[in-house]
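Please read them with the coordinates open.

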Amino acid sequence: MKPVLAITRRLPANIEARARGSYDVRLNEGDTPLTREEILALAQDADAILVSVGDPIDRDFFQALPARVKIIATFSVGTDHIDLAAAAEKGVIIGNTPGVLTDATADIAWLLILGAARRAGEGEAEIRTARWRGWRPTHMIGTQVTGKKLGIIGMGRIGQAVARRARGFDMEVHYFNRTRLPADQENGATYHDSIDALLPHCQFLSLHCPSTAETRGMVNTALLQKLPKGAILINTARGDVVNDADLIVALKSGDLAAVGLDVFAGEPDIAPAYRDLPNTFLLPHLGSATAETRTAMGSRALDNIDACLAGNEVPFRVTV
């Protein structure tokens, strides 16, 4: 008999096919987010579970989880939806998918930078609603990107990839990270030992930090007021690192020229005001949404499960 694998969301067809080849799959065919209780029901006889961002894998989940489950693999790099301490107490291995979505997410960050700076969302809306009256010298003037200063909070794989792309736009890169990068990885970027020291240098600010107790809500009025007036904010990290109410005030006042967002607190139920502001460039969490990347993520998740159930070292194991 094949081991039983519960999968909480639909995955790329080739990944589902691979899973069915090795496992007796219990799949959420409806592809709507499941509640904690629905995931537990799906996993009642499972040896492993493959979850996704947003699934409520919290302490209550682990307290009710059948002892048969040996591993939970998440189809993501981030694990803020999983209570890692509770997993360790239960003896459940957690695996994630680092290293395969760097370029796709960095590309989306640059789409947001350019889209927000050049008012691409407003321009496309004019075309689609037949409101464009033709070229004119003062029409929809945006912000030039080339030669500006880019600040990055979180200089991990994705932050570094964003910085590499910035050199093609002759940007001056500044960054804050918990630890300074080795000189050969900085590639000319200027390190700041605090976020407060970084902010005055950020005509553009791109967020690439995890969601933690320290970072949740950190983009608030106090932080935004330390940016140069007319700065542009980009978030491809996690939605909850931004205080939505404070960001919306800064956008309405003009203190921020624009924002580009791919992630939101409480998504898909985002703060409604974002939709009504002309200086917001919004995407529906597309950071890793390429065929190549989603396939690689699925392969990595299944590699973790395969290794665990075979009694081998899990290649991408997450610990507390």
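1. Glutamate 29 and arginine 10 form a salt bridge in which the closest N and O atoms are 3.3 Å apart, a salt bridge being a side-chain nitrogen of Lys or Arg within 4 Å of a carboxyl oxygen of Asp or Glu. Because glutamate 29 lies in the loop between strand S2 (24-27) and helix H2 (36-42), and arginine 10 in the loop between strand S1 (4-7) and helix H1 (13-22), the pair ties together parts that are 19 residues apart in sequence. Helices (H or I, at least four residues) and strands (E, at least two) are DSSP runs, numbered from the N terminus. Glutamate 29 is partly exposed at 49% relative accessible area, and arginine 10 is likewise partly exposed, at 36%; here buried means under 20% relative accessible area, exposed over 50%, and partly exposed in between (1.4 Å probe, protein chains only). Both residues belong to a salt-bridge network that links Arg10, Glu16, Arg20 and Glu29.

2. The model is predicted, so that local features need pLDDT of at least 70 and side-chain atom pairs count only at pLDDT 80 or more, while totals for chains, interfaces and linings use all residues. Residues are numbered from 1 along each chain as its sequence is written, and side-chain values use heavy atoms, with hydrogens and water left out.

3. The structure holds 23 salt bridges, and two further ones deserve a look. Aspartate 83 pairs with arginine 59, their closest N and O atoms being 3.8 Å apart; this links distant parts of the chain, since aspartate 83 is in the loop between strand S4 (71-74) and helix H4 (84-90) and arginine 59 is in helix H3 (residues 59-64), 24 residues apart. In the salt bridge of arginine 180 with glutamate 186, the closest N and O atoms are 2.8 Å apart; arginine 180 is exposed, at 52% relative accessible area, whereas glutamate 186 counts as buried at 8%.

4. The largest nonpolar core has 30 residues, of which Leu205, Leu207, Leu247, Leu256 and Tyr274 touch the most other members; such a core is a set of buried Ala, Val, Leu, Ile, Met, Phe, Trp, Tyr and Cys residues joined through side-chain atoms within 4.5 Å. Strand S9 (204-207), helix H10 (221-224), strand S10 (231-235), helix H11 (244-253) and strand S11 (256-261) each supply at least two residues of this core, with H11 giving the most, four residues. Leucine 256 is in contact (heavy atoms within 4.5 Å) with residues including Leu224, Ile232, Leu247 and Asn279, leaving aside its neighbours within four places in sequence. A second, separate core of 27 residues includes Ala106, Val145, Met171 and Phe281.

5. In helix H7 (residues 157-167), the buried residues are Gly159, Gln160, Ala161, Val162, Ala163 and Ala166. They pack against helix H5 (102-117), strand S6 (149-153), strand S7 (172-176) and helix H8 (183-186).

6. Serine 206 is found in strand S9 and counts as buried, with 0% relative accessibility. Not counting residues up to four places away in sequence, serine 206 touches Ala109, Leu150, Gly151, Ile152, Ile153 and Ile234. Its side chain also makes a polar contact of 2.6 Å with that of histidine 208 (a pair of N or O atoms within 3.5 Å; within protein, one must be able to donate a hydrogen and the other to accept it, and residues adjacent in sequence count only if both atoms are side-chain atoms).

7. Most residues other than glycine have a negative phi, and most peptide bonds are trans. Alanine 130, in the loop between helix H6 (120-128) and S6, has a positive phi of about 55° and is exposed, with a relative accessible area of 69%. Histidine 285, in the loop between strand S12 (280-282) and helix H13 (291-309), has a positive phi of about 50° and counts as partly exposed at 27% relative accessibility. A cis peptide bond, with omega about 10°, joins glutamate 267 and proline 268; proline 268 is found in the loop between S11 and helix H12 (273-276).
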